[in-house]
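Open the model in your viewer and keep the selection panel at hand. The tour moves from one selection to the next.

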Amino acid sequence: MTLSKSTTLAAFALAASALPALAQASSHNVFGTYYTEAGTSRVTIEDCGDGSPCGRVSWIDPDAMAPGVTPEEARTKTGDPVLGLLMLEGFEQKRSDWRGGTIYDPENDKTYAARLKRLGDGDLELKGCVGPICQTQVWEAYAGE
């Protein structure tokens with residue numbers, strides 16, 4: 001069976017028009033586990049239950065701990081356990097990323113406005129903002145044991 005030139009061009013045009021939608025969808029797939037920028041802990045991002053991402057501390061490098069302290073004993077300044085701590089929440093899906101959420105920094109007990117998106121290489125781009133000033137971090141995707 002031979003396809004006509006116009007049928008082939010129409011199929012190609014249809015496939016090409018779908019590419020931006022596929023790229024956009026992949027930037028929203030932020031679910032997974034990532035190393036924080038310092039590499040001393042990992043955050044696992046899962047569905048909050050409403051389709052939006054929530055991130056919890058899932059691992060802390062024991063070598064990054066103070067002598068005699070285990071990751072299970074690590075606490076925030078307010079005394080909450082760091083392992084299992086909800087640090088990313090409240091995001092709304094926008095055109096090319098997740099916005100309107102927050103990131104909690106347990107080291108200084110501060111919460112910042114945040115944006116998330118998945119990069120083409122699978123890593124996570126995270127922006128934490130205070131007013132109009134934002135700092136961007138790239139968290140490397142965790143490949144598993």
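Which residues does Leu124 touch, not counting residues up to four places away in sequence? Select Leu124 and look around the side chain. The partners are Val30, Tyr34, Ile45, Leu116, Lys117, Arg118, Gln137, Val138 and Trp139. Contact here means heavy atoms within 4.5 Å.

Before going on, two notes on conventions. This is a predicted model, where local features need pLDDT of at least 70, side-chain atom pairs count only at pLDDT 80 or more, and totals for chains, interfaces and linings use all residues. Residues are numbered from 1 along each chain as its sequence is written, and side-chain values use heavy atoms, with hydrogens and water left out.

**Stop 1: Leu124**

Stay on Leu124. This residue sits in strand β8. Its relative accessible area is 0%, so Leu124 is buried. The cut-offs are under 20% for buried, over 50% for exposed and partly exposed in between, with a 1.4 Å probe and protein chains only. Now draw a C-alpha to C-alpha distance to Val30. It reads 6.8 Å, although Leu124 and Val30 are 94 residues apart in sequence.

**Stop 2: the whole chain**

Zoom out and colour by secondary structure. The order from the N terminus is α-β-β-β-β-β-β-β-β-β. Of the 145 residues in the chain, 30% are buried. Take the contacts between residues at least 6 apart in sequence: 37% of them join residues at least 24 apart.

**Stop 3: the aromatic rings**

Select Tyr35, Trp59 and Tyr142. Together they form one aromatic cluster. Rings of Phe, Tyr and Trp (its six-membered ring) pair if their centres lie within 6.5 Å; planes under 30 degrees apart are stacked, over 60 edge-to-face and the rest tilted. The whole structure has 2 aromatic pairs. Tyr35 and Trp59 form an edge-to-face pair, 6.3 Å centre to centre with 90 degrees between the planes. Tyr35 lies in strand β1 (residues 32-35) and Trp59 in strand β3, 24 residues apart. Tyr35 is partly exposed at 23% relative accessibility, and Trp59 is partly exposed at 25%. Turn to Tyr35 and Tyr142. Their ring centres are 5.6 Å apart and their planes at 80 degrees, so this pair is edge-to-face. Tyr142 is in the segment after β9, 107 residues from Tyr35.

**Stop 4: Ser52**

Select Ser52, in the loop between β2 (41-47) and β3. Is Ser52 buried or exposed? Ser52 counts as buried, because its relative accessibility is 5%. Its side chain makes a polar contact with the side chain of Asp50 at 2.6 Å. A polar contact is a pair of N or O atoms within 3.5 Å; within protein, one must be able to donate a hydrogen and the other to accept it, and residues adjacent in sequence count only if both atoms are side-chain atoms. Not counting residues up to four places away in sequence, Ser52 touches Phe31, Glu46, Asp47, Phe91 and Trp98.

Technical notes: Helices (H or I, at least four residues) and strands (E, at least two) are DSSP runs, numbered from the N terminus.
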